[in-house]
Amino acid sequence: MIILGVAIGVVLVLAVGLAVARKVDGDSTNFLVAGRALGLPLVAAGLMGQAVDSNATLGNTDLSAGFGFWAGASLPLGLGLCLLLTGIFFAKKMNAMGLLSLPDFYKIKYGRGVEITSSILMIFSFCILLAGNLVAGGFLFERFLGTSYTAGVLIIVGVVLAYTITGGMFSDAYTAFIQVIITVIGSAALLVWVAVTYGITVPEGMGPFDLGQLGDPAQGAVVNWATLIALGIGDIVAIDFMQRIFSAKTPEIARRACFVGAAGTALVGIPYALVALSSGAIFGDTPADGPVLFVLLEQYAPAGLTIMVLSAIVAASCSTANGVILGTAAVAVRNIAGREQQHDERTGKDPLLRRVRLTMPFVVGVAILFALRVPQTGILLTLAFDLMLAGLVVPFVLGHWWPTRITTAAAAAAITVGLVVRLALFVLTPTIYGVDNTLLHIPNDVFGPGFDGWPTFIAPALSLAAFVGAALLRPRKAPVTAPQPATAAEPA
């Protein structure tokens, strides 16, 4: 019954995604940014759908139950903070530039080399993000359908690819609207049921008002702040968020949608953290065998609520996954391969559209490898944007707010220093946001678990110093401008 209910929700989302695919009409602008014609409800739903993913729900509950409210709630609150800052400082400017992908900004400001470098980093980071959402699907289908974890990952991939390849941003926008409704109802119903049935029980020192979690390193304060900063600032250079901002009909709609998305993300994410805090009292002395939320739904919740919440998790995973697949494939084709938008006069088709569609399965393949190697949710989300924070945030922010001194050399220095430092500290630190570093760790006597979290602050600080130093040492050349369309030649 549970799987049947979830399947109905998945089929509904899939049907809507395929139904609106006709709006693409063979045009890459329609496919990538929905013809720049989306209104406030669809843009806000798209931004919120990208933020409220399985990391901010499933990963949120696991971290809250294990380490306290701020360990888990930092995920949705960090994403909400990102949308708030983007709305205040960047959304209107980015929408007004008329871009098709975020690396276009780096090309305009810093040139082709920085465009390629930023594109590679974005693709790598967002494959990690996509993997985190595939992990949730793998666990869900493994537990409730009886498939293997790998089969569950492949099922969620198949569903998302089906309507993303056909409808692009139009399918993403309309399905996100439905998915957000499901997610809001599911989170509210879960909180009410736990409060009425068991009461909200907060273990000592783990609640939202136990601020030692934000002030005492022994209580995880450094890691919690690192999570907030990595998502709140590092996510500003998120290709999936920016694709939705580019899709807004006007700069003002883009700005307002960020504010709505920020509020919605916090309102949906906080209930999951509160429910997770009560899980200890609900389970008693029996340890959770698997993700906390799945155990709660499988063994304690009524079937109707279980269907609703699982549908919300699947919807959140699909919403984020299709945005990531679309944005990453677009970056690979447009910004790395250098394929410009054009129409074939003989066939009437847009080659850029076809190439983006063909690239999507390769992007998914890389994400599947990450999902099978590191079956974690919230950790993968934070790690993805930790890398973005270290390398790309400084050139992006100063490209807006220090335009008189930006140079290609400054951007290259910031990206290189930030990434080298962050990756070096990553392999030397035995834990990643409180979880054992199983990806790549070099044992040493210098960096222990107590150093966890600090690399998130050190890398972008050094990136900023490198940018400012290079900008001041080297004189600024003429600014790089966006390429202009060629004019027709005069007849001889």
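This is a predicted model: local features need pLDDT of at least 70, side-chain atom pairs count only at pLDDT 80 or more; totals for chains, interfaces and linings use all residues.
Biologist: Which residues does F467 touch, not counting residues up to four places away in sequence?

Modeller: F467 is one of the core residues that touch the most other members. Contact means heavy atoms within 4.5 Å. With residues up to four places away in sequence left out, F467 touches Y110, V394, P395, L398, W402, I406, A410, A411 and A414.

Biologist: How do the residues of the contact of α8 with α9 divide by class?

Modeller: Helix α8 (residues 112-144) and α9 have axes that come within 7 Å and cross at roughly 120 degrees; axes are lines fitted to C-alpha atoms, for helices over the stretch in contact, and angles run from 0 to 180 degrees between N-to-C directions. That angle makes α8 oblique to α9, since under 35 degrees counts as roughly parallel, over 145 as roughly antiparallel, 65 to 115 as roughly perpendicular and the rest as oblique. The contact is made by L134, V135, G137, G138, F139, F141 and E142 of α8 and Y149, G152, V153, I155, I156 and V157 of α9. With Ala, Val, Leu, Ile, Met, Phe, Trp, Tyr, Cys and Pro as nonpolar, Asp, Glu, Lys and Arg as charged, and the others, Gly among them, as polar, the residues divide into nine nonpolar, three polar and one charged.

Biologist: Is the crossing of α9 and α15 left-handed or right-handed?

Modeller: Helix α9 (residues 149-197) and helix α15 (residues 292-299) pack at about 65 degrees, with their axes 13 Å apart, which makes them roughly perpendicular. L190, W193 and V194 in α9 meet L293, L296 and L297 in α15, and the contact residues divide into six nonpolar, no polar and no charged. A crossing is left-handed if the near helix is turned anticlockwise from the far one by less than a right angle, and right-handed if clockwise. The crossing of α9 and α15 is left-handed.

Biologist: How many residues of α12 are buried?

Modeller: The buried residues of α12 are I239, D240, F241, M242, Q243, R244, I245, F246 and S247. α12 is mostly covered, and the count of its nine residues that are buried is nine.

Biologist: Which residues of α16 does α12 meet?

Modeller: The axes of helix α12 (residues 239-247) and helix α16 (residues 303-336) come within 8 Å and cross at roughly 90 degrees, which makes α12 roughly perpendicular to α16. By class, the contact has three nonpolar, four polar and two charged residues. On the α12 side are I239, D240, Q243 and R244, and they meet G323, V324, G327, T328 and V331.

Biologist: Which residues does V33 touch, not counting residues up to four places away in sequence?

Modeller: V33 lies in helix α2 and is buried, with a relative accessible area of 0%. With residues up to four places away in sequence left out, V33 touches L99, L100, M169, Q243, F246 and S247.

Biologist: What is the phi of A34?

Modeller: A34 lies in the loop between α2 (28-33) and α3 (40-51), and is buried at a relative accessible area of 0%. Most residues other than glycine have a negative phi. A34 is not a glycine, yet its phi is positive, about 50 degrees.

Biologist: Is R36 buried or partly exposed?

Modeller: R36 is found in the loop between α2 and α3, and has a positive phi of about 50 degrees although it is not a glycine. At 28% relative accessibility, R36 counts as partly exposed.

Conventions. Residues are numbered from 1 along each chain as its sequence is written. Side-chain values use heavy atoms; hydrogens and water are left out. Helices (H or I, at least four residues) and strands (E, at least two) are DSSP runs, numbered from the N terminus. Buried means under 20% relative accessible area, exposed over 50%, partly exposed in between (1.4 Å probe, protein chains only). A nonpolar core is a set of buried Ala, Val, Leu, Ile, Met, Phe, Trp, Tyr and Cys residues joined through side-chain atoms within 4.5 Å.
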